[in-house]
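Me: I'd like to go through this one with you, one question at a time. Here's what I'm looking at.

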Amino acid sequence: MSTSTVIHLADLLRTRLKAIRSPFRSLPPGRIAVLVLAMLRHDQRLLDLAGGNNVAESTLRRWRDEMIGLLAAKAERLDRALRKIARRGGEVVLIDGTLIPTVRRTGKDDRPNYSGKHHRHGLHSLALTDEKGRLIWISSGRPGRTHDATAARRDKIVEHLKAAGLGALADLGFLGVDKPDDPDELVIVTGFKATRARKLSPGQKQANHVLAAARAPVEHGFANLKSWRILSKLRTDPARATALLRALLVLTDLEVNR
């Protein structure tokens with residue numbers, strides 16, 4: 001991790017302590033920031049860190065959750081993120097969905113988290129990047145069986161894009177999300193889908209290749225996000241996953257764009 005990221009987290013915590021008039025912590029803010037980053041970046045277990053730093057496991061958990069909350073509050077809302085892209089002169093964004101693996105829990109409440117597409121349990125999330133693959137927004141965590149198109153409709157992606165005057169490039173998972181009466185008003189471009197009864201023409205295949213090349217940077221954005229090993233298999237409560245994802249979005253921006 002970069003020194004600037006550690007300093008940023010330590011400053012956030014100092015500001016928080018000053019706001020709540022907390023007299024002290026058992027470790028300095030810089031050291032707490034390092035421990036929290038170790039948990040997020042390398043998925044270090046609480047018990048291991050607690051023993052090596054002479055801190056209670058419950059205290060480490062409280063520090064981690066506090067820092068995640070502070071970082072998640074810095075994540076931009078969808079409308080603001082899109083307006084910022086428009087002000088910079090951007091014309092399109094890239095959109096895709098991903099599955100964040102989770103541990104399998106017992107009971108019927110965990111059944112919606114099973115993704116038939118990926119054949120595993122997890123949480124579904126949408127992400128938007130700019131043309132270069134820099135993450136600008138991430139959605140709430142939803143059950144793993146959620147379809148990309150369904151998530152896009154719930155987040156009103158089309159309406160937000162129109163309000164910002166932007167378009168979006170997406171894969172076939174978003175087919176049907178945008179259905180304007182006038183084809184020239186299409187906001188989300190998804191390419192062409194072949195069926196058993198209708199094969200793609202050479203021109204349509206070429207268009208799909210061009211679209212795939214233009215969408216490639218969105219995978220780099222997901223790769224940067226998933227470099228935080230805590231996402232390799234979430235063990236936290238799914239209800240807290242949204243705050244974690246947005247906190248990691250802020251940290252990814254700090255690391256990639258420093």
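Reply: One term first: a polar contact is a pair of N or O atoms within 3.5 Å, where, within protein, one must be able to donate a hydrogen and the other to accept it, and residues adjacent in sequence count only if both atoms are side-chain atoms. This is a predicted model, so local features need pLDDT of at least 70 and side-chain atom pairs pLDDT 80 or more, while totals for chains, interfaces and linings use all residues. Numbering runs from 1 along each chain as its sequence is written, and side-chain values use heavy atoms, with hydrogens and water left out.

Me: How many helices and strands are there in the protein?
Reply: Along its principal axes, the C-alpha trace spans about 65 × 45 × 25 Å. Going by DSSP runs numbered from the N terminus (H or I, at least four residues, for helices; E, at least two, for strands), the count is nine helices and seven strands.

Me: What percentage of the 258 residues is buried?
Reply: The protein exposes about 14300 Å² (Shrake-Rupley, 1.4 Å probe), and carbon and sulfur atoms supply 50% of that area. Per residue, buried means under 20% relative accessible area, exposed over 50%, and partly exposed in between. The buried share of the 258 residues is 45%.

Me: How far apart do the centres of the positive and negative side chains lie?
Reply: Counting Lys and Arg as positive and Asp and Glu as negative, the protein has 46 positive and 27 negative side chains. With each charge placed at NZ of Lys, CZ of Arg, CG of Asp or CD of Glu, the centres of the two sets are separated by 5 Å.

Me: Which side chain of opposite charge is nearest to D178?
Reply: D178 sits in the loop between β6 (167–169) and β7 (188–189). D178 is buried but has no salt bridge (a Lys or Arg side-chain nitrogen within 4 Å of an Asp or Glu carboxyl oxygen). At 4.6 Å, the nearest opposite charge is K162.

Me: How far does the backbone nitrogen of V187 lie from a polar atom of the D178 side chain?
Reply: With heavy atoms within 4.5 Å counting as contact, D178 touches V158, E185, L186, V187 and I188, leaving aside residues up to four places away in sequence. Its side chain reaches the backbone nitrogen of I188 at 3.2 Å. For the backbone nitrogen of V187, the distance is 2.4 Å.

Me: Which residue forms a salt bridge with R235?
Reply: The whole structure holds 15 salt bridges. In this one the closest N and O atoms are 2.9 Å apart, and R235 pairs with D43. The two are 192 residues apart in the chain, with R235 in the loop between α8 (202–226) and α9 (241–256) and its partner in the loop between α2 (29–41) and α3 (46–53).

Me: Is D130 buried or exposed?
Reply: D130 meets R88 in a salt bridge, 3.8 Å from N to O. They lie 42 residues apart, R88 in the loop between α5 (78–87) and β1 (92–101), D130 in the loop between β3 (120–129) and β4 (135–138). R88 counts as exposed at 52% relative accessibility, whereas D130, at 6%, is buried.

Me: What is the relative accessible area of R215?
Reply: R215 forms a salt bridge with D171, closest N and O atoms 3.9 Å apart. The pair spans 44 residues, from D171 in the loop between β6 and β7 to R215 in helix α8. D171 is partly exposed at 23%, but R215 is buried, at 11%.

Key
Buried < 20%, exposed > 50% of the residue type's maximum accessible area, 1.4 Å probe, protein only.
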